[in-house]
Amino acid sequence: MTNAPIPTPEEIQKALGECRPLNDPVRFWSALIGWIITILLAGFLLAMVLAAYLTGTATTLILVGIAAISACQYWLTFKPLRTIACKKKVLFLRAFVRDSQGSQENRVRNYLRAALPGRFSLGGIRAPRHRLSLSLRLCGESILAFYYLGSNRFELEAADRNWFARLLASASQAHAIIVDLRSLTPLVHDEIELAVKLAGERGRLFLVIDDSHTDDEWLEILRRAAMSEVIDLHQDQWLRIPADLENDPLPFLRQTVAALKSIPETPIQVSAEAYLKARQRVAPGEWNTPWSATPAGAFFLIGLPTFTAFFLLSGFLPAVVATWLAYLITCAAILLYYVAIVRIVKLASLQRTIANKSNPRISSTILSALIIPGMWTLCTLAITGMKAVANQAKLNQANADISSLESALMMYKLNAVTYPTTGQGLKSLIEKPTATPIPRRWTQVLSKTPLDPWQREYIYRFPGAKNPGEFDLISKGPDGMEGTIDDIARSDTL
């Protein structure tokens, strides 16, 4: 490849356009949930406003108010999460052998996240053993997206086929690269070489080291890994982890904050050398990334059909099982949400300790988390009150209808001497009966018989079972079943 022609910027951009960045479930699922809720709320608001305009009912206006509250609640609920998910990326490259050191490495990653300026977030490649298959991505990444928010775990992943090219695509959208030199193995030398070719300039490349080697020895290790003798690094690009980090992390944090302030606002520009390095690892025909290998493809090809099938299947489950399953899923989502909020608050608190401006701020995050139960309570009370008002209005309407029909039946009796039979029914008030007994004198009393407030016909019987010698006039009530406690009968109106 040494004699390969130098690619033009246009050729590099075309190749990067065919190769998608590494999968980022946090960014995808936060965006997807945000769009879904936004569309649903917008549609609900539009429908309610239209209904309020056409009917002018107070109930509809209450619904519009509830929808507005829900929109505010959505904004407050997801704003801290979306802020974290949509930050500009800084890549962290390391060998996976350090993952086995557990809490120590988690602490280092947490400090690096805290030291970054508030507009940036730290992202790294998920270890191969932690990658999710396409079939598991539905249940995995949709939930793990919240789990990764604010955590010390890395979230980027790709299949082995073209992951190096996708790493280049991700680097082209990042603003800096941090390399952990403490855990270099020959397997990651290509990534180090790519990082040096991409981010060798000041403010783009930062190296995590410790006191196990001198600066000259670390520089020699980097030169061997990057296969380059010309590496000129400024002192600010070395992030040295002291031996007493656990006891006193503040000096390291302040030094790192000062170093990372130099990260530029513009993304990394892919150089011809970096592009040619990726071409060595990935054949030209392998650069394209199938849509099915992305989170969006997994959602639409597997996730959406599975959600639909689950929704249809829930209709065949017993009501108690479906209800408890819905409660379980809701509780799991709420738990993951508050776990993410707690992590964001802890990170913001650490940034506040080292005078590093956080985004989102700790006050707004706590306020968002605390205001949600209050808004849910307000919505619940409003809906409960609205239902009570609506139910009472329907009861009043049913009683008024029964009283009106009672008066109409009495007028019918004045002409026909007797009430209509059960078979003749309330239709006799509109049309002259043709079934016996046919009244000698008949006058139309109503233009049409009303339906009850639940859009069902009133039950009429003569002679009545509840009113011997008179007639029964009954509405089945909200449940639509006769003989239950919510029935509204003529005797209730007397």
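Guide: H4 and H9 pack with their axes 9 Å apart and at an angle of about 50°. The axes are lines fitted to C-alpha atoms, for helices over the stretch in contact, and angles run from 0 to 180 degrees between N-to-C directions. This is a predicted model, where local features need pLDDT of at least 70 and side-chain atom pairs count only at pLDDT 80 or more, while totals for chains, interfaces and linings use all residues. Residues are numbered from 1 along each chain as its sequence is written, and side-chain values use heavy atoms, with hydrogens and water left out.

Visitor: What do you call H4 and H9 relative to each other?

Guide: H4 and H9 are oblique to each other. Angles under 35 degrees count as roughly parallel, over 145 as roughly antiparallel, 65 to 115 as roughly perpendicular, and the rest as oblique.

Visitor: Is the crossing of H4 and H9 left-handed or right-handed?

Guide: The crossing of H4 and H9 is right-handed. A crossing is right-handed if the near helix is turned clockwise from the far one by less than a right angle, and left-handed if anticlockwise.

Visitor: Which residues make the contact?

Guide: From H4, the contact is made by Tyr111, Leu112 and Ala115; from H9, by Phe252, Leu253, Thr256, Val257 and Leu260. Contact means heavy atoms within 4.5 Å.

Visitor: Staying with H9, which of its residues are buried?

Guide: H9 covers residues 250-260, and its buried residues are Phe252, Leu253, Thr256, Val257, Ala259 and Leu260. Buried means under 20% relative accessible area, exposed over 50%, and partly exposed in between (1.4 Å probe, protein chains only). Seen down the axis of H9, the buried residues fall within an arc of 165°, so they line one face of the helix. The arc is that of the directions from the helix axis to the C-beta atoms.

Visitor: And what covers the buried residues of H9?

Guide: The cover includes helices H4 (103-115) and H12 (319-353), along with strands S3 (176-180), S4 (205-209) and S5 (238-240). Helices (H or I, at least four residues) and strands (E, at least two) are DSSP runs, numbered from the N terminus.

Visitor: How many helices and strands are in the chain?

Guide: The protein chain has 14 helices and eight strands. Of its 494 residues, 44% are buried.

Visitor: Back to the start of the numbering. Which residues of H1 are buried?

Guide: In H1 (residues 9-18) the buried residues are Ile12, Ala15 and Leu16. They fall within an arc of 100° seen down the axis of H1, so they line one face of the helix. Glu10, Lys14 and Gly17 are exposed on the other side of H1. The buried residues of H1 pack against H6 (163-173) and H10 (272-281).

Visitor: What about the backbone at Ala355?

Guide: Ala355 has a positive phi of about 60°, although it is not a glycine. Ala355 sits in the loop between H12 and H13, and it is exposed, with a relative accessible area of 72%.

Visitor: And Val417, buried or exposed?

Guide: Val417 counts as exposed, at 66% relative accessibility. Val417 also has a positive phi, about 75°, without being a glycine, and is placed in the loop between H13 and S6.
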